[in-house]
Amino acid sequence: MLGAIVAAIGVAIITWTLLEPMVRQPPLTALIGSLGLGYVFEAVYQAAFGAQPKTYESYPVESGLEFLGTSATRLQIAATTYAVASTCLVALLLRSRSWGHRLRAVAADPELAAAVFAIRQRRLAWVTVLVASVVAAPAAVFHAASHGVSPTTGSEMGLTAFVANIVAGRGRPIGAVLIVILLVIMRSMAITRPLWEIVSIIGSAGVVAFVTKRRRMSTRVRPIVIVGAAMLAFCATLTLRTAIPSLSRGLVVPGSFQDVVPYTFIVIALLVWPQGVLVARRSRVV
Amino acid sequence: MLSAQHGIDWLHLTLLTAAQGLLLHEVGLTSFGLAAMLLTGAYAFGFLAMGTVGIASVLLGVLVVVLLSSMVALRVQGDVFAVITLAFCQILHRVAVGAVDLTGGSLGLGPLHRYDFMATDAGATAIAAACLVVVAAIYRGIGRSMIGVVLGGIRDNELYTRAVGHRTRELQLIAVLGSGLVAALAGALGAGYFGLVTPHMGLLDVSLRALAAAMLARPLWRQGRPMSTLAGYAAAAGVLVLTPPLLRTCLPGVGEAVLRQALFGLALYVLVHPRLAARWMEATHGRA
């Protein structure tokens, strides 16, 4: 784990050196530059380690632990625990530390933050890259332990993370985490639950999101209300399916289309909230 | 080392680059979805070749898919437009992989029955060249007309262009629609030559390749000078097509693929790097 963190810091230094000129450019510029660097890193890793996936051969095969109607290995439980803990830690840092306050100020208005508060954006961005690398390194170790590692590991996840940040909106890193969790849940539910159930849950969350926006609910409370509504709808559909067994035989998305569902949600979310699901809509000029 | 297939690949990539360049340079939109349109055109040709549907249905189907995706994507602008086109690319790729009964899944459709001359190098070259001439003529017509000027106005200041009375939304839609149809044409030509359609034709890498070629041709782009722009697209496409066989002569085997990927990634990085891209422009344009 320590090796992974040290390696992540080393990669962060290289990446920051190369991507620092794009900090003040539009996000798309940084995306294309990052994709290009990603291809270069993939090529370097392939040249150094080969294209075949590598696994931790010494890691023992685990049996699942049963709880709450599902099963999970110790590795999966540890990975989930780490994900929750690191998200909470980052949220706490963003709220309580001066680094977090400055980061939020820059996210809200970079020019104002630089001119009025004299926030050094480059230094702040470097610290943020460092924090992100240190947080991601143990997660990468957990992922590699269960899925193996190859030169292309992480490319798809990185793209999904970028898209989730666009969907969540500017300055909503924790919101992006919730969006990613939602996408993964949707991907899993799409092939196990009837379509009417998924539509009901998403529709309920959508209606609540619309109503809470109309009523100008606080942006801190709104995500909790939306998630709560989705969970209530989930419980309601579960109850309905238990009470009326025939409802379980609804149309189910075929497994081969599993990945289509989260991307469809992304398109719908961006069409309805182009500024981001968790960001207040700016008034239109025309 | 070089074969007729490279020439055909070059023609196809020039078409795709022209489609990408129309959006990037003329309208100011970055799209990652041209691979999806290319895939649509390729599968449309595949269905036609297999006799699954008639030509009218195929053309209508392609038009509906391209029009629908253009209308949906144009509801937003800027970075969000790019993300939505990226999502469309992923959706269509996943559908092509998932709909095994219809598309053959990962294996795709093939071998496709088509006219003999389409499968020959000379025939495929002639068809691709003819299509490129037609597309170039249309591009030239747009570039030298008021439409090109208005598209430039949309790119530089959409609000002002709309304020002076131009129908910016409709023109943007026509440009995105035209770009998608050209990409679909490139896909159909590719399917016609190779006699095979696979979901790999709709990967994000294909869009990035066209985007890199369009950005590489930026120094030759001029407002109102479509021919020099098209020459730039052709030259950039030529660089991307010729680099792999040239590398193979130096590094046979796996080394060539690795180096090619590294160079492609480096090209993408350099083309968006603010200082390096500015130096590339200065070197080709000279200092202002």
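Student: Which residue of chain A forms a salt bridge with Arg94(B)?

Tutor: The model under discussion is a predicted one. In general, side chains of opposite charge can pair when their charged atoms come close. For Arg94(B), the closest N and O atoms of the pair are 3.1 Å apart, within the 4 Å that a salt bridge requires. The partner in chain A is Asp259(A).

Student: With which arginine of chain A do the side chains of Asp259(A) meet in a salt bridge, and where does that arginine lie?

Tutor: This pair has an N to O distance of 2.4 Å. It links distant parts of the chain, 72 residues apart, with Asp259(A) in the loop between α10 (222–243) and α11 of chain A. The arginine lies in helix α8 (residues 173–190) of chain A, and its name is Arg187(A).

Student: How many salt bridges are there between chain A and chain B?

Tutor: Over all chains, the count comes to 8 salt bridges. The bridge of Arg94(B) with Asp259(A) joins the two chains. Between chain A and chain B, the count is 2.

Student: Which helix supplies the largest share of the side of chain A that touches chain B?

Tutor: In chain A, α1 (2–19), α2 (27–49), α7 (155–168) and α11 (260–272) each supply at least two residues of this side. By class, the side has 29 nonpolar, 7 polar and 5 charged residues. The largest share is 15 residues, and it comes from α2(A).

Student: What area is buried between chain A and chain B?

Tutor: Here 41 residues of chain A are in contact with 39 residues of chain B, and 6 residue pairs across the interface are in polar contact. Carbon and sulfur atoms give 77% of the buried area. That area is about 3,400 Å².

Student: Which helix of chain B gives the most to the nonpolar patch?

Tutor: The patch covers about 410 Å² of surface and is made by Leu251(B), Leu259(B), Leu263(B), Leu266(B), Val270(B) and Leu276(B). One of these, Val270(B), lies in the helix in question. With 4 residues, the helix that gives the most is α12 (residues 254–272).

Student: How far apart in space are Gly153(B) and Gly54(B)?

Tutor: Gly153(B) lies in helix α8 (residues 146–163) of chain B. Beyond its neighbours within four places in sequence, Gly153(B) is in contact with Glu158(B) and Thr161(B). Gly54(B) is 99 residues away in sequence, and the distance from C-alpha to C-alpha is 41 Å.

Note on methods
Residues are numbered from 1 along each chain as its sequence is written. Chains are lettered from A and ligands numbered from 1 in the order in which they are written. This is a predicted model: local features need pLDDT of at least 70, side-chain atom pairs count only at pLDDT 80 or more; totals for chains, interfaces and linings use all residues. Side-chain values use heavy atoms; hydrogens and water are left out. Contact means heavy atoms within 4.5 Å. Buried area is the accessible area (1.4 Å probe) that two parts lose on being put together, summed over both. A polar contact is a pair of N or O atoms within 3.5 Å; within protein, one must be able to donate a hydrogen and the other to accept it, and residues adjacent in sequence count only if both atoms are side-chain atoms. Ala, Val, Leu, Ile, Met, Phe, Trp, Tyr, Cys and Pro count as nonpolar, Asp, Glu, Lys and Arg as charged, and the others, Gly among them, as polar. Patches are made of residues with over 30% relative accessible area and no salt bridge: like charges are joined within 9 Å, nonpolar side chains (Val, Leu, Ile, Met, Phe, Trp, Tyr) within 5 Å. Accessible areas come from the Shrake-Rupley method with a 1.4 Å probe; for residues, only the protein chains shown count as cover.
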